[in-house]
Amino acid sequence: MSTPPQEPENPRDLVGIGIGPFNLSLAALAHPLTDFDAVFYEQRPAFDWHPGLLIDGTTLQVPFMADLVTLADPANPWSFLNYLKTRDRLFPFYFAERFHIQRAEYDAYCRWVSENLPGLRFAHQVDAVRWNPDHSLFEIDFTHLDDTGEAQALGRTYTKNVALGVGTAPYVPDPLKPLVEAPGVPVIHAADYLRERERLITAPHVTVIGAGQSGAEIFLDLLHARPIGHERIHWLARTEAFAPMEYSKLGLEHFTPDYSRYFHALAESTRDRLVASQWQLHKGIGADTLAAIHDELYRRTLHGGWPDAVLTPGVLVRTAGRIASTRIELHLEHIQQGTRSRLSTDAVVLATGYRERPLDRMLAGLDPYMQRDNSDRPCVDDRFRLVLDPAVTGSIHVQNAAIHAHGVGTPDLGLAAWRSATILNSVTGQNPYPLPERTAFTTFGLAQHQAFQVPSARRPRTLLPLVER
């Protein structure tokens with residue numbers, strides 16, 4: 001393998017690490033900026049957005065305007081509408097009257113951008129990010145991978161700014177990790193659902209764990225695929241109900257820049273409490289999906305009897321183990337009843353969500369410069385920058401890695417373009433994307449200059465005597 005260069009030559013303005021939707025948005029908005037040198041690295045060979053969850057008919061939970069660029073720059077050539085134009089599909093889309101597009105279509109749109117936008121480097125694995133005080137630049141070591149994923153060449157680049165967009169990783173609860181890691185045991189995360197779908201459809205009994213949108217979609221897909229009267233599906237969830245996502249218009253204002261700014265200004269303990277309590281804003285189930293599940297279950301009762309499907313919320317999986325070589329036994333506890341039982345099943349799908357990828361290994365060289373909060377998490381400012389020692393003159397921005405600092409809108413696609421524009425305005429210092437000062441009808445807090453003041457006591461007015469004229 002070749003060795004990396006040791007001296008900076010023409011340092012870049014920005015290096016993005018990871019090419020998911022958020023850094024792809026940043027790259028698309030950076031593209032029209034003249035004299036701005038940006039490059040983005042991704043270890044995967046091509047863009048790949050939740051391939052295991054592109055179930056036929058499933059849609060995004062945000063409108064199509066939440067593409068990579070529109071909410072910051074509607075005239076940008078990398079918009080979803082321009083993608084349709086290049087495919088001669090504007091009129092069909094117009095007549096389809098779809099505000100929420102299918103996930104597969106969103107994935108195809110992002111792939112189109114990733115295959116045509118310059119400055120993207122796939123099959124490049126970033127190994128380390130360090131601050132070089134001699135050059136006042138960040139130095140980034142990377143490995144260029146070949147078609148098999150093996151190291152082909154080493155490289156190093158220097159940059160004034162960094163944007164971390166490494167995304168999230170599937171979350172597996174501790175009691176189920178040994179089964180997921182064991183060969184041949186059909187316990188999978190929802191991220192791998194489509195890859196294992198045929199195996200799951202033919203399994204004698206399937207258990208889905210998780211009450212979010214993914215769990216609901218997988219339960220519905222399995223229900224459609226299994227014969228009436230022989231469904232043999234359990235759907236378990238820890239939440240108290242299979243609850244709909246908050247989708248009222250004023251409720252959606254929690255996904256505006258206004259709320260993000262308000263949330264960031266709150267005390268750390270208040271932010272942590274809010275994130276835990278606001279799960280229904282972003283972890284609930286779409287009302288249409290809940291209706292479709294009920295409709296399908298009802299359809300299966302038309303000729304008498306009930307479908308062999310059990311839907312139980314409020315259940316905690318305490319432990320799990322194998323029975324014989326292929327069956328799984330789940331040890332359950334009902335949280336409200338305080339009762340326990342066991343469930344034997346042939347396959348388990350874990351719709352248990354995702355967690356932010358840890359950045360400690362990649363940013364180990366920056367640890368002495370990083371400020372952390374009381375929970376040892378990196379501090380992130382209002383422009384999505386890691387709070388670093390003043391000796392570091394560059395900035396590291398984070399994408400979808402600071403829900404503790406910016407709230408439930410952090411992973412929402414609807415804030416992608418606004419956050420990317422905020423980052424570009426910050427690193428260029430030229431405000432190429434003017435952003436609105438107000439984005440919500442809701443005023444989330446009391447501004448200091450608007451604080452309510454008790455008026456002074458009124459003095460009784462002196463009445464003038466009536467005078468005849």
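**Labels and their grounds**

Q: Where is Ser-136 placed?
A: Ser-136 sits in the loop between strand E4 (124-132) and strand E5 (137-145). Strands are DSSP runs of type E with at least two residues, helices are runs of type H or I with at least four, and both are numbered from the N terminus.

Q: What kind of model is this, and what are the ground rules?
A: This is a predicted model, in which local features need pLDDT of at least 70, side-chain atom pairs count only at pLDDT 80 or more, and totals for chains, interfaces and linings use all residues. Residues are numbered from 1 along each chain as its sequence is written, and side-chain values use heavy atoms, with hydrogens and water left out.

Q: Why is Ser-136 called partly exposed?
A: Its relative accessibility is 40%. Buried means under 20%, exposed means over 50%, and partly exposed lies in between (1.4 Å probe, protein chains only). Ser-136 therefore counts as partly exposed.

Q: Why is Leu-250 called exposed?
A: Its relative accessible area is 55%, so it is exposed. Leu-250 lies in the loop between strand E11 (233-236) and helix H8 (257-264). Thr-442 is 192 residues away in sequence, yet the two C-alpha atoms are 7.2 Å apart.

Q: Why does Ser-114 count as buried?
A: Relative accessibility is 9%, so Ser-114 is buried. Ser-114 belongs to helix H4 (residues 103-116).

Q: What does Ser-114 touch?
A: Contact means heavy atoms within 4.5 Å. Leaving aside neighbours within four places in sequence, Ser-114 is in contact with Leu-24, Phe-47, Leu-120 and Phe-122. A polar atom of the Ser-114 side chain also lies 2.8 Å from the backbone oxygen of Arg-111.

Q: What makes a group of residues a nonpolar core?
A: The members are buried Ala, Val, Leu, Ile, Met, Phe, Trp, Tyr and Cys residues, joined through side-chain atoms within 4.5 Å. The largest such core has 46 residues, and Leu-24, Tyr-106, Tyr-109 and Leu-424 have the most contacts inside it. Among the elements that each supply at least two residues are helix H1 (21-30), H4 and helix H13 (416-428). H1 gives the most, with seven residues. A second, separate core of 28 residues includes Ala-203, Val-208, Phe-219 and Ala-237.

Q: What does Leu-424 touch?
A: Beyond neighbours within four places in sequence, the contacts of Leu-424 include Leu-26, Leu-29, Phe-36 and Tyr-433.

Q: How many helices and strands does the chain have?
A: There are 13 helices and 18 strands. The C-alpha trace spans about 100 × 85 × 55 Å along its principal axes.

Q: What share of the chain counts as buried?
A: Of the 469 residues, 48% do. Among contacts with a separation of 6 or more, 69% join residues 24 or more positions apart.

How values were computed. A polar contact is a pair of N or O atoms within 3.5 Å; within protein, one must be able to donate a hydrogen and the other to accept it, and residues adjacent in sequence count only if both atoms are side-chain atoms.
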